[in-house]
Amino acid sequence: MTWPGTEPTSLARDDVRDLLSTVTSVHEAGDALGLTAEHIRLYCDLADISTPTPSPAIGNLSNQLTPEAAEVRQGILAPEQLRDLYENQQLELAHIARLASCNADTVRALLIHDDIPLRFRPDRLPPRPDITREWLHREYVEKRRNIAELARERGISHYHLTTLARGWDLAIRSTERRYNAIGYLNLPWTPSPAMQAVTASPTALDRLQTIVQVPGHPSLAAAARAIYDGRDGALRQRITKIEKVAGFQIIDRSASRLTPAPRGYDFLREATEILHIADKTRPKCQ
């Protein structure tokens, strides 16, 4: 095998172990060692390296996970966050592992440590007349409900419903941060195709909140000063990206004041209605 950068034989095992226990990502470790993320993980497997805490850099867990080690867990692997992802959002071990940049064995060990019962996952789901492609397309694609909610409603695992969706050629949306996507909203209408595309992002509500505040300002620079911490370039990029995803221009920049473009009026009106529903719904969900 060809190794980039530093040869593995020149690495001191204990030095690598100490580094991996302190960095926050596999990419940070790679920069320090001159290795790719996958080569770091492979080196750790070959050298049998684990860290005293569930380091996201290598995804390994010490055989003896002490309460003291568990207390320093942060981010995705923090006990409360891990329980929420696994029990409430019904994510699979592999999905959580990808979010945390670790492996499924680490996630499984932490769940056992936290006394969280592991779900039984049968190899095959028998046919169910109440779980059809038409039903999933209506609820997931058109109504923008999330997979976890639908899986709980039908009493199956997140894994199985995601597998069915992929088998039926239904595009899986990006992982949704709770209360920033619109899947949990009970919208009284089916979002327009442009809105469906824009809100497929895990930062859906942030996108809408930004775009609806832009009209009325004399320029994008002025809008950035008022609503985007003065980050003119970042605001321009965000608007351009939203418009690219929507498939048409939303903001007319040619007038003396920023106004909705012809197709932007309906989009912004729909966005405002969604934000209004989200504001009313969010306190009930939290």
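Trainee: What makes the contact between the side chains of R236 and D232 a salt bridge?

Mentor: A salt bridge requires a side-chain nitrogen of Lys or Arg within 4 Å of a carboxyl oxygen of Asp or Glu. For R236 and D232 the N to O distance is 2.8 Å, so the pair meets that definition. Please keep in mind that this is a predicted model, in which local features need pLDDT of at least 70 and side-chain atom pairs count only at pLDDT 80 or more, whereas totals for chains, interfaces and linings use all residues. Residues are numbered from 1 along each chain as its sequence is written, and side-chain values use heavy atoms, with hydrogens and water left out.

Trainee: Why are R236 and D232 separated by about one helical turn?

Mentor: They are four residues apart in helix 14. An α-helix has 3.6 residues a turn, so residues three or four places apart point the same way. Helices here are DSSP runs of H or I with at least four residues, strands are runs of E with at least two, and both are numbered from the N terminus.

Trainee: Why is D232 called partly exposed?

Mentor: Its relative accessible area is 24%. Buried means under 20%, exposed means over 50%, and partly exposed lies in between (1.4 Å probe, protein chains only). D232 therefore counts as partly exposed, and R236, at 38%, counts as partly exposed too.

Trainee: How do you know that the salt bridge between R154 and D130 links distant parts of the chain?

Mentor: The closest N and O atoms of R154 and D130 are 3.5 Å apart. The two residues lie 24 places apart, with R154 in helix 9 (residues 147-154) and D130 in the loop between helix 7 (104-113) and helix 8 (133-142). D130 is partly exposed, because its relative accessibility is 31%. The whole structure has 12 salt bridges.

Trainee: What makes E243 a buried residue, and which side chain does it meet in a polar contact?

Mentor: E243 lies in helix 14 (residues 232-246), and its relative accessibility of 10% is why it counts as buried. Its side chain joins that of R253 at 2.9 Å. A polar contact is a pair of N or O atoms within 3.5 Å; within protein, one must be able to donate a hydrogen and the other to accept it, and residues adjacent in sequence count only if both atoms are side-chain atoms. The residues touched by E243 beyond four places in sequence include F248 and I251, a contact being heavy atoms within 4.5 Å.
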